[in-house]
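Hi,

Here is the structure I promised to pass on. Have a look at it first, and my notes follow below.

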Amino acid sequence: MRRHALSALLAASAAVAFGAPVQAQSLDTVVEATLARSPDLAAARARADGAAARLDQARAERMPSASVQGQVGVGRIDPQGFFGLTADAVTPRVLQFGTELPLYTGGRVGAAIGQARAGEAAAQAATAMSTLSLRIDVVRTYAEAVAARDTAAAYARMETALTVAVRQARLKYETGAGTSTDMALAEARLAEAQAARAMAEGEQAAARAALRTLSGMDVVLDERLPVPALPDLSMQAAIARARENNPGIAAARAMVDAARGGVSSARAERLPTLGAYAEAASVRDQFFPGYRADSASVGVRARWTLFDGGRTGAKVRAAEADLAERSAQLAAAEQEVERRTAGAYAALIGADRSLIAARARRGASDAALRGVRLEVQAGALPMLALLDAERDAAAAAAEETRALARRLVQSEALAALLGGN
């Protein structure tokens with residue numbers, strides 16, 4: 001992904017340097033470049049790596065442990081004549097080795113592994129959520145940039161046509177064949193087109209600046225936006241798929257699993273632990289000059305807390321309350337995703353119909369403009385009719401490109417709710 005984005009950036013730089021036409025970056029290219037350099041997404045991936053490491057740490061608690069420790073020093077011991085020993089300088093040394101294998105932990109290790117596994121799942125789901133959210137931001141910004149560019153182009157065409165109309169209206173007024181009203185209306189429509197074009201150009205500049213910040217490169221926009229196909233499923237099927245695949249719900253489920261592990265871990269505190277051990281030690285000059293002792297032992301160790309003043313009971317109640325909270329949050333997440341999926345599905349259908357209508361409107365407006373121009377030239381219609389037709393054609397062209405942008409963004413929003421493409 002990063003290699004692809006870097007190649008696109010180098011190609012664009014080379015084209016500028018050698019005077020070649022700069023190739024447009026597709027929407028997918030910009031998305032890949034953004035995902036590759038996003039610090040928020042990098043942080044989410046790091047959190048997922050940390051969660052995976054904590055799972056490995058929890059699993060390692062089932063394995064045996066081994067340790068070695070030593071001590072050496074210099075000093076002086078005076079046995080006070082005990083056993084006839086006199087004071088002397090010593091070099092006390094101790095070397096110890098021990099290993100232990102847990103045999104029974106009352107479920108503590110299993111609960112810790114379950115919590116860590118749930119934490120890893122939650123971190124992965126959070127990474128997926130961050131990825132989808134960032135993708136929607138890029139798609140929306142790219143679509144806005146293309147829509148603004150095409151809108152500016154539509155009003156630029158209107159401005160060119162109206163500049164001619166203003167010149168004609170002024171000539172007619174000066175020769176007495178037209179009125180000052182016709183000239184003023186033409187100038188007003190021209191100013192309207194100039195204002196609309198300036199606003200659209202500002203929107204395009206802002207969107208491209210945002211894309212530059214997100215992707216790290218100067219984005220050259222494609223000629224047209226893609227139009228993804230409508231999902232081949234009903235609203236209820238979309239809701240069912242979202243409940244199954246949505247990363248937000250997956251994260252909430254993982255937190256419920258982690259809370260269950262917390263309850264199991266708290267309850268395990270009431271049970272004993274049992275482990276096997278082996279130890280060996282070598283001691284020199286420890287208690288009197290010349291003292292020597294070597295030892296080795298194997299066995300089992302058990303520990304059982306019989307009374308802790310209610311600490312374990314309080315810990316269990318707190319863990320159960322946390323589980324209840326996480327379960328309620330899961331239910332709320334499912335309801336929210338269901339509501340948003342239904343809304344996004346309906347919005348996508350509406351955006352698709354709006355795009356169809358906008359295309360039909362543009363076709364009709366363009367046809368009407370061609371007819372009005374001929375009729376005005378023939379003197380069958382007044383100049384006002386041509387001004388209105390130019391305005392309608394420009395507005396229809398702008399609405400079509402904005403409808404296309406809305407259609408793309410709504411498609412991406414629904415895909416994100418369903419868990420991605």
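Predicted model: local features only at pLDDT ≥ 70, side-chain atom pairs only at ≥ 80, totals over all residues.

**What I found**

Residues are numbered from 1 along each chain as its sequence is written, and side-chain values use heavy atoms, leaving out hydrogens and water.

The protein has 9 helices and 6 strands (DSSP runs: H or I of at least four residues for helices, E of at least two for strands, numbered from the N terminus). Its radius of gyration is 38 Å, well over the 22 Å that the globule rule gives for 421 residues, so the protein is more spread out than a compact globule (taken over C-alpha atoms; the rule is 2.2 Å times the number of residues to the power 0.38). The C-alpha trace spans about 140 × 55 × 35 Å along its principal axes.

Of the 421 residues, 35% count as buried, meaning under 20% relative accessible area (1.4 Å probe, protein chains only). One of the buried residues is Val139, at 1% relative accessibility, and Val139 sits in helix H4. Beyond its neighbours within four places in sequence, Val139 is in contact with Leu27, Val31, Leu408, Val409 and Glu412 (contact: heavy atoms within 4.5 Å).

Best wishes

Definitions and conventions
Buried < 20%, exposed > 50% of the residue type's maximum accessible area, 1.4 Å probe, protein only.
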